Amino acid sequence: METCSSSSDKKTVEVGNGNDFKVHVFSSSSELLEKLHENWSSVKKKPYPAMYSSIFGGIILDPALMVIPVDDHMVHRGHGVFDTAVILNGHLYELDVHLNRFLRSASKARISSPYPKSTLRSILIQLTAASQCKKGTLRYWLSAGPGDFLLSPSGCSSSAFYAIVIEEDILQCKEGVKVITSTIPMKSPEFATMKNVNYLPNVLSKMEAEDKGAFASIWVDEEGYIAEGPNVNVAFLNTDKELIVPLFDKILSGCTVLRLLELAPKLVENGRLKGIRTDNLTVDEAKSASEMMYVGSSLPILPITMWDEHPIGDGKVGDLTMALSDLLWEDMVAGPETQRIHVPYV
Ligand SMILES: Cc1ncc(COP(=O)(O)O)c(C=O)c1O
């Protein structure tokens, strides 16, 4: 007996002798479409209400057709960049900040956008409106585009822009999680500071944490300084009540942690925090912090109470962590209009 693995190694189909396995050839695109619709028919609530593709030149509402070409340089060579924005109560949070980082990443990856920034922005807002989604995430990609499967993108006639809306619950995190120090090597600064689609180290690092019963991991750089998590930044409160965020020279400058640095002075003004700084932090300094947290768009703050079996502070969710979380949450829910772009749903 031989086994034939499907796309996911979780599902293994017994097919008997390999010679018995007959691959179906779709005789027409309508037959294929029927099959794709059949695959989606059992899904009660569609998780992706809308997608935009510059290849199609419009918005797609049918999940069976939310596809990208296999000869896209992003698919077979990882030549693409991406970014996100949270949709909360019918607003897009920090869209412009994310869009600026997206275009910086694209420039570092030598991908030129098929549209100017104002058009990308307009597409993202119209896509969110068409999706009718009031709570979730918007994810978008710029790719070198479809071409000829070669390493050079010179055969890719035009870059491509894709975006998708994902319905999900966005809630303030109130429980603490456990983290581990990652043994998976982190990306070099050139690649870690741009948000490109090569997230294999990040995926393996997250899987390593899950294998060890932790939520996620912490990367430590070659010099022994704290870096970031696999898709989040990390921040600390020391026993002197200072908020410390690792420097951004070797990691992604997270839009959320940058906003946190803008909002946190309110806690200095009311005396709850003594200071705020971005700095190098050794593992020993970090492990002796009184509070620790992940910071990232869809969290926006996740308290960390245990690290490599070592409790952080008293091992409970800290008051200052929650005060910082409240500041960010308030900003997401009712912050200034410059931060929260209104979506004109139809
Ligand atoms: C590697 C990495 N670090 C940090 C972050 C946090 O960034 P943001 O706050 O913009 O979500 C992300 C997520 O985008 C990330 O992928």
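Which residues have the most contacts inside the largest nonpolar core? In this predicted model, that core has 77 residues, and the ones with the most contacts inside it are Ala 163, Ala 235 and Val 295. Strand 8, which runs over residues 160-167, supplies the largest share of this core, with six residues, and the core draws at least three residues from each of domain 2 (45-167) and domain 3 (177-334). As a general background to such an arrangement, nonpolar side chains tend to be buried together in soluble globular proteins.

When its neighbours within four places in sequence are left aside, Ala 235 is in contact with Leu 243, Ile 244, Val 245, Val 257, Met 293 and Val 295. Among these partners, Val 295 is itself listed with Ala 163 and Ala 235 as having the most contacts inside the core, while Val 257 also belongs to the residues that surround the ligand.

The protein chain is divided into domain 1 (1-42), domain 2 (45-167) and domain 3 (177-334), and the C-alpha centres of domain 1 and domain 2 lie 29 Å apart. The chain contains 10 helices and 17 strands. Its radius of gyration is 22 Å, close to the 20 Å that the globule rule gives for 346 residues, so the chain is as compact as a globular protein of that length. Along the principal axes, the C-alpha trace spans about 70 × 55 × 40 Å. Of the 346 residues, 38% count as buried, and among contacts between residues at least 6 apart in sequence, 68% join residues at least 24 apart.

Surrounding it are Glu 228, Asn 231, Val 232, Asn 233, Leu 252, Gly 254, Cys 255, Thr 256, Val 257, Gly 296 and Ser 297. Helix 7, at residues 255-263, gives the most to this shell, with three residues. By residue class, the shell divides into four nonpolar, six polar and one charged.

The peptide bond from Leu 299 to Pro 300 is cis, with omega near -15 degrees, and Pro 300 is found in the loop between strand 14 (291-295) and strand 15 (301-307). In the loop between strand 15 and strand 16 (310-311) lies Asp 308, which has a positive phi of about 50 degrees although it is not a glycine. Glu 309 is found in the loop between strand 15 and strand 16 as well, and Glu 309, also not a glycine, has a positive phi of about 65 degrees. As for their surroundings, Asp 308 has 14 C-beta neighbours inside 10 Å and therefore counts as partly exposed, whereas Glu 309, with 9 such neighbours, counts as exposed.

Thr 239 lies in the loop between strand 11 (233-237) and strand 12 (242-246), and it counts as exposed because it has 10 C-beta neighbours inside 10 Å, where the cut-off for an exposed residue is 12 or fewer. Although Thr 239 and Ser 290 are 51 residues apart in sequence, they are 5.5 Å apart in space, C-alpha to C-alpha.

Definitions and conventions
Residues are numbered from 1 along each chain as its sequence is written. This is a predicted model: local features need pLDDT of at least 70, side-chain atom pairs count only at pLDDT 80 or more; totals for chains, interfaces and linings use all residues. Domain bounds come from an automatic or database domain assignment. A residue is near a molecule or strand if its C-beta atom, placed from the backbone, lies within 6 Å of it. Helices (H or I, at least four residues) and strands (E, at least two) are DSSP runs, numbered from the N terminus. Ala, Val, Leu, Ile, Met, Phe, Trp, Tyr, Cys and Pro count as nonpolar, Asp, Glu, Lys and Arg as charged, and the others, Gly among them, as polar. The radius of gyration is taken over C-alpha atoms; the globule rule is 2.2 Å times the number of residues to the power 0.38. A residue is buried if 20 or more other C-beta atoms lie within 10 Å of its own, exposed if 12 or fewer, and partly exposed in between; C-beta atoms are placed from the backbone. Two residues are in contact if their C-beta atoms, placed from the backbone, lie within 7 Å. A nonpolar core is a set of buried Ala, Val, Leu, Ile, Met, Phe, Trp, Tyr and Cys residues joined through C-beta atoms within 7 Å.
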